[in-house]
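User: I am new to reading protein models. Can you take me through the terms used for this one?

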Amino acid sequence: MKLTIDTAKCSGHARCYAVAPDVFDIDDLGYAMPIDREVTEPLDEDIAAGVAACPERAISVR
Ligand code: F3S
């Protein structure tokens, strides 16, 4: 499965970075930096927290 961020949906809430700074990164304006990374189940707690934290549903694992 892949962890990705839809940068078109990201509105710069920076909540992903707030809950999981080791996984997610943001630019100077608070927008998430692109991620395209393989992940496995069960999801790492930090990844799951980041997915749940985004109000725009810009972070997905598929
Ligand atoms: Fe963007 Fe969602 Fe993170 S809006 S900065 S991907 S919490």
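Analyst: Start with one term: contact means heavy atoms within 4.5 Å. Keep in mind that this is a predicted model.

User: Which residues is isoleucine 26 in contact with, leaving aside its neighbours within four places in sequence?

Analyst: Ala14, Tyr17, Tyr31, Ala32 and Met33 are in contact with isoleucine 26. The residue belongs to the loop between helix H1 (15-19) and S2.

User: Why is isoleucine 26 called partly exposed?

Analyst: Its relative accessible area is 21%. Buried means under 20%, and exposed means over 50%. Isoleucine 26 falls in between, so it is partly exposed.

User: What makes serine 60 buried or exposed?

Analyst: Its relative accessibility is 15%. The cut-off for buried is under 20%, so serine 60 counts as buried. Serine 60 is part of strand S3. Beyond its neighbours within four places in sequence, serine 60 has contacts with Lys2, Leu3 and Thr4.

User: How do you know that S1 and strand S3 pair?

Analyst: Pairing takes at least two bridges. S1 and S3 (residues 59-61) have 3, so they pair, in the antiparallel sense. Threonine 4 is opposite serine 60 there.

User: What joins S1 to strand S2?

Analyst: Again, 3 bridges, and these strands run antiparallel. Lysine 2 faces glutamate 38 in S2.

User: Which residues of strand S1 are on the covered face, and which on the uncovered one?

Analyst: Leu3 and Ile5 make up the covered face. Lys2 and Thr4 make up the uncovered one. In a regular strand, side chains alternate between the two faces of the sheet.

User: What makes the phi of alanine 14 worth a remark?

Analyst: Phi is near 65 degrees, a positive value in a residue other than glycine. Alanine 14 lies in the loop between S1 and H1. At 22% relative accessibility it is not under the 20% cut-off for buried and not over 50%, so it counts as partly exposed.

User: Why is arginine 57 called exposed?

Analyst: Its relative accessibility is 69%. Exposed means over 50%, so arginine 57 qualifies. Arginine 57 also has a positive phi, about 55 degrees, although it is not a glycine. Its place is the loop between H2 and S3.

User: Where does the ligand sit?

Analyst: The ligand sits in the largest cavity. Among the residues around it are Cys10, His13, Arg15 and Glu56. The shell divides into 6 nonpolar, 4 polar and 2 charged residues.

Note on methods: Residues numbered from 1 in each chain as written. Predicted model: local features only at pLDDT ≥ 70, side-chain atom pairs only at ≥ 80, totals over all residues. Heavy atoms only, no water. Buried < 20%, exposed > 50% of the residue type's maximum accessible area, 1.4 Å probe, protein only. Helix = DSSP H or I, 4+ residues; strand = E, 2+ residues; numbered from the N terminus. Near = heavy atom within 4 Å. 1 Å grid on protein atoms, 1.4 Å probe; cavity = no way out; pocket = protein on both sides within 12 Å on 5 of 7 lines; lining within 4 Å. Sits in = over half its atoms within 2 Å of the grid points. Nonpolar A, V, L, I, M, F, W, Y, C, P; charged D, E, K, R; others polar.
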